[in-house]
Amino acid sequence: MAEDMHGAVLKFKSIKGTRDILPDESHRWQYVEQAIRSVMHRFNYKEIRTPVFEETSLFARGIGELTDIVGKEMYTFIDRSETSLTLKPEMTASVMRAYIQNNLGEQQPLVKVYYLSPMFRQERPQAGRLRQFHQYGAEATGGTSARIDAEIIALAMEVYEALGIKNIELRINSVGCPECRPHYKEILKEYLGKVYDKLSPESQRRLEQNPLRILDSKDEKDRELTRDAPLMLDHLCKECAAHFNELQDSLRLLHRTFTVDGRIVRGLDYYTKTAFEIISSDLGSQDALAGGGRYDKLVEELGGKPTPSVGFAAGIERLLMVMEHQQIAIDNDIHPDVFIAAPDDEGRRWALAAAMTLRHAGIPCEIDLLDRSLKAQMREADRQHARFVLVAGASELQQNAAQLKDMRTGEQRTLTLSNLPVELKELQRDSGKTQ
Ligand code: HAM
């Protein structure tokens, strides 16, 4: 039976692999989300929001029937009209569905969108791996140039820099295209076929359908066996090789350091040409902060006109874990500027309406709603880090006045009631300057 932090038995608890973002940590999320939006804005990406669930076949088609995500991680259910629906495990398929459905490409040739959204995958929960997690990401649809890939990568890196995150590594690869990949797959299969018996059961299963994934197996023995395996990079067609060269050239123009890693294959089937990951050594086994790449065939696969595209997505929980690990402080500046404390009933009645006047004037304000003693109200104001406390009881109100205490300096002064919002606004401005 589940228990709360004090050992009491709980009737309900959150689903395994999901977590609450509690009031004393939500400011961290807001801070990070704000930084993401600001970077996206600077790169001229506009926000897109898609529904939390879609038809199951969209993801099966888009991500690939043989991927782990589609094969064993999707939250799929049949609704009352017998339609199979799935909670989105990623955004790219949804965004491309929306792109096709709403003819976004007709309005402009290169469509640049970003998103922030919860995602759902039934994976085994561990540090940095949840069943409901949050991603932000961006997709640029409508161009083939490797300069777009470079811009997307630069954008992904920029978010970490804007937040002061250090020690992250960019790894890039090319996974080829339908021209060159089938031939390479055969070469790889032949190579791995010779060591079939020694491969892990998982890799044995993958050999026929998805041999590239064996290259990023976490199994030590698989890694040993594939150390000298042929890589896609050495078997790219002319076009893919030129694209990969242009990508590297563009990244250099942007002063981005990167490692070419021929083992990056990604867990989703839609990639063509560019594939990349951003890794943090501060994350343990789930070390991928972000991943993405080009997917030139997805739009037509989903029924649209052939439209090349490139994008990335990044986990917010992992980003926050790295910030915590690197001790990057995020101040919690969400607190009332003014706490109105009332010593008696008349004061309480006045405080209820006065708080509303101050709030309408744009001053964050709190009052005592628990009929506490004046002393307890002062303690509460302090606990909530209120900048000022305003005290008014029957005797002050009779004189059309209230006592103001500056909680930082301890200074006290008398304010005239009729002039309260104006005087408090001035104080708010002054205290902002001295912060
Ligand atoms: P992905 O590599 O599956 O790519 O996920 C991107 C990022 O989401 C990961 O690097 C990780 O930070 C985070 N993430 C994934 N699964 C979990 C989980 N179970 N718990 C916590 N965080 C997780 C995609 O989703 C592609 N749609 C990226 C993309 C966009 N490619 C092109 N455009």
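Student: Which strand gives the most to the shell around the ligand?

Tutor: Bear in mind that this model is predicted. The largest share of the shell comes from strand 10, which supplies 6 residues.

Student: Which residues come nearest to the ligand?

Tutor: The shell holds 27 residues, and those that come nearest are E90, E123, E139, R266 and Y271.

Student: How many of the shell residues are nonpolar, polar and charged?

Tutor: Sorted by class, the shell has 12 nonpolar residues, 8 polar ones and 7 charged ones.

Student: How much of the ligand does the protein bury?

Tutor: The ligand taken alone exposes 650 Å², and 95% of that is buried by the protein.

Student: Which elements give two or more residues to that shell?

Tutor: They are strand 6 (132-141), strand 10 (288-294) and strand 11 (309-315).

Student: In what order do the strands of the sheet with 8 strands run?

Tutor: Read an order as a list of neighbours. This open sheet goes 1-5-6-11-10-9-7-8, with mixed pairing. Its edges are strand 1 (46-47) and strand 8 (259-260), each of which pairs on one side only.

Student: How many bridges join strand 5 and strand 6?

Tutor: Strand 5 (residues 111-120) pairs with strand 6 over 10 bridges, in the antiparallel sense. Within this pair, V113 stands opposite E139 of strand 6, and E139 is also among the residues that come nearest to the ligand.

Student: What should I keep in mind about side chains along a strand?

Tutor: In a regular strand, side chains alternate between the two faces of the sheet.

Student: Which strands does helix 12 lie across?

Tutor: Helix 12 (residues 316-325) lies across strand 5, strand 6, strand 9 (274-280), strand 10 and strand 11. The helix runs at about 110° to strand 6.

Student: What is the order of the open sheet of 3 strands?

Tutor: The order is 2-4-3, and the pairing is antiparallel. Strand 2 (53-55) and strand 3 (76-78) are the edge strands, each pairing on one side only. From one strand to the next, the twist averages 35°.

Student: Where can I see the pairing residue by residue?

Tutor: Strand 2 and strand 4 are joined by 3 bridges, and the bridge partner of E54 is T86 in strand 4. Strand 3 and strand 4 (residues 84-87) also pair over 3 bridges. There, I78 has S84 as its bridge partner, and F77 stands opposite L85.

Student: Which residue takes a positive phi in the hairpin of strand 3 and strand 4?

Tutor: E82 does, with phi near 65°; this hairpin has 5 residues between the strands.

Student: At what angle does helix 2 run to strand 2?

Tutor: Helix 2 (residues 56-63) runs at about 80° to strand 2, and lies across strand 2, strand 3 and strand 4.

Note on methods:
Residues numbered from 1 in each chain as written. Predicted model: local features only at pLDDT ≥ 70, side-chain atom pairs only at ≥ 80, totals over all residues. Heavy atoms only, no water. Near = heavy atom within 4 Å. Areas by Shrake-Rupley, 256 points an atom, 1.4 Å probe, with all protein chains shown as cover. Helix = DSSP H or I, 4+ residues; strand = E, 2+ residues; numbered from the N terminus. Nonpolar A, V, L, I, M, F, W, Y, C, P; charged D, E, K, R; others polar. Pairing = 2+ DSSP bridges. Axes fitted to C-alpha atoms, helices over the stretch in contact; angles between N-to-C directions. Contact = heavy atoms within 4.5 Å.
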